[in-house]
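I opened this notebook to keep track of what I looked up in one protein model. The entries follow the order in which I looked.

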Amino acid sequence: MATNYVAVDIGASSGRLMLGQLKEDKLKLQEIHRFTNGFAKKEQHDRWNIDHLIKEIFIGLEKIKQMGIDNVKLGIDTWAVDYVLVGMDGKKIHDPISYRDHRTDTAVAELTSALPKSYIYEKTGIQFLDFNTLYQLYKEDRDCLAKTDKIMMIPDYIGYVLTGNAVTEVTNASTTQMLNLREGLFDQDLLKEVNVKPEQFPRLVEAGTVLGNVRYKWHVQYDIPNTEVVTVATHDTASAVLGTPGAGKNWAFLSSGTWSLLGAELNTPENGQAAFAENYTNEWGAYGTYRFLKNIMGLWICQRVRHEYNDKYSFAELAALAAKEAPFQQFIDVNAKRFENPDNMIAELQAYCRETNQVVPETVSQVMMAIYSNLSLFYANELSKLSQILKHPIDTLNIVGGGSNVALMNQMTSNLADVTVYAGPSEATAVGNIIVQMITSHEVKDIQHGRQLIKASFNIKQFTAEAGKYPGVLANYQAFLSKRKQPYFNSVG
């Protein structure tokens, strides 16, 4: 009988439970339950409703039990950097604050006035984002920290509630900007700067660690299967990269969803001067790897625009409308901080074009083409930088996540960067989550075997660069960016 694997995959706007099974040497996925997520103002801060997320997980497990499935393995992945403070009584002190909360707007400047950025980067290899856990803890309420027994990352806290067992999984922990690259532990000098002790974090574990079974009390409250929780690569980007069918040496990945994470999988970190200058990050991956990547605003801009058009169009319809317009009618720095969370994204895009004396997109199709063409430009530009830092060519880009479905953007990226693009699977995060569970269960030998399985199981589309298409456009875009140096917003994935 096939083992049933459940991927709990929660992003900033929604979450879902995906059921995975190995059938006829292929991984089959089925979405069982989807639910909303979001933050709301509470106690003067933007906070996540963590109890809501946990309840939805149990609702999804009940649906699986109703399918006649009595035993499952389950892994949890979410976004990074946010955390839950747990008191001496084992309960959360308050709902976790969102990384989008403005409490950390000045934190990087304040903290790095005492500790040089180069010093922090040499220790951690992590890019500077104003909402990294390091800066969140720097701004954390001191009374709350004094009452805190344990600090748990979001997926670790959910696993703790389910099983009663507390750990700190390394792929998510590395995004805190507090893990020391050489020691493999939380850096005590950085912890002192934010008034946190190493023992306030549960023990560090690698992806693939069995956490334990869901507690009996939850079986009393909910009619759910017997569930063994595996601590997978709990950062959703880490799971997405594991779900990428990359092969060879010269491939790069683009996890394209709300945020775009573009980079390469390395066996050793790259935290030299070139990486520091470009603000590349070395997030820890599963099985001794590092995700060397750049964070890009991503489809968040599209999501906001779609909502501002009253959700009238599907994403497929928006892409089809964009295809009717000529690309590259204006250059937009999609990573500029002004696009982080403006009151109106369409108005902000239009204002940017007016301020830079460029063509202003007015219609739905023009706005969407402006977004897709400039995301493609940004991707191509970062691939060029990635190749320079790593000192070897990039000939293949594997695009996974929701953005892998946007053929228009995939082809433009292929043309601009002169690389072959492989698009899919769109559900790479859930796939990577399940692959780790399968390796832990010895149903899959290792990650190489897992990636072969992914390639055989899903429809991967290929986009080949069209020679001579868009001559000079990328160079002109790079010249435009060099003249407009301004604060960037970088994401958590």
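**Entry 1: ground rules.** I am reading a predicted model, in which local features need pLDDT of at least 70 and side-chain atom pairs count only at pLDDT 80 or more, while totals for chains, interfaces and linings use all residues. Residues are numbered from 1 along each chain as its sequence is written, and side-chain values use heavy atoms, with hydrogens and water left out.

**Entry 2: the whole chain.** I looked up the secondary structure and found 19 helices and 19 strands; helices (H or I, at least four residues) and strands (E, at least two) are DSSP runs, numbered from the N terminus. The radius of gyration is 22 Å, close to the 23 Å from the globule rule for 493 residues, so the chain is as compact as a globular protein of that length. That radius is taken over C-alpha atoms, and the rule is 2.2 Å times the number of residues to the power 0.38. The C-alpha trace spans about 60 × 60 × 45 Å along its principal axes.

I noted that 59% of the 493 residues count as buried. Buried means under 20% relative accessible area, exposed over 50%, and partly exposed in between (1.4 Å probe, protein chains only). Of the contacts with a separation of 6 or more, 74% come from residues 24 or more positions apart; a contact means heavy atoms within 4.5 Å.

**Entry 3: the six-stranded sheet.** In what order do the strands of the open sheet run? I read E3-E2-E1-E6-E12-E11, with mixed pairing. Strands E3 (26-36) and E11 (209-213) stand at the edges with a single partner strand each, so one side of each has no neighbour in the sheet. Neighbouring strands are turned by 25° against each other on average, direction ignored. Two strands pair if DSSP finds at least two bridges between them. E11 and E12 (226-231) run antiparallel and are joined by four bridges, and valine 210 has valine 230 in E12 as its bridge partner.

Helix H6 (154-163) lies across E1, E6, E11 and E12, at about 40° to E11. Helix H18 (447-457) packs on the sheet too, touching E2 and E3, and its direction makes about 85° with that of E3. Axes are lines fitted to C-alpha atoms, for helices over the stretch in contact, and angles run from 0 to 180 degrees between N-to-C directions.

**Entry 4: around E14.** Strand E14 (260-266) has six of its seven residues buried. With E13 it forms a hairpin that has three residues between the strands, paired in the antiparallel sense over four bridges. E14 also pairs antiparallel with E16 (290-296), over seven bridges. Glycine 263 in E14 stands opposite phenylalanine 253 and also opposite leucine 293 in E16.

**Entry 5: helix H16.** Eight of the eleven residues of H16 (407-417) are buried, among them Met409, Met412 and Leu416. Its buried residues pack against several elements, including strand E13 (251-256) and helix H15 (364-390). Aspartate 418 follows H16 and has a positive phi, near 55°.

**Entry 6: cysteines.** How many disulfides does the model have? The count is zero, where a disulfide is a pair of cysteine sulfur atoms within 2.5 Å. The sulfur of cysteine 302 is 14 Å from the closest cysteine sulfur, in cysteine 353, too far for a bond. Cysteine 302 is buried, with a relative accessible area of 1%; cysteine 144 is buried at 14%.
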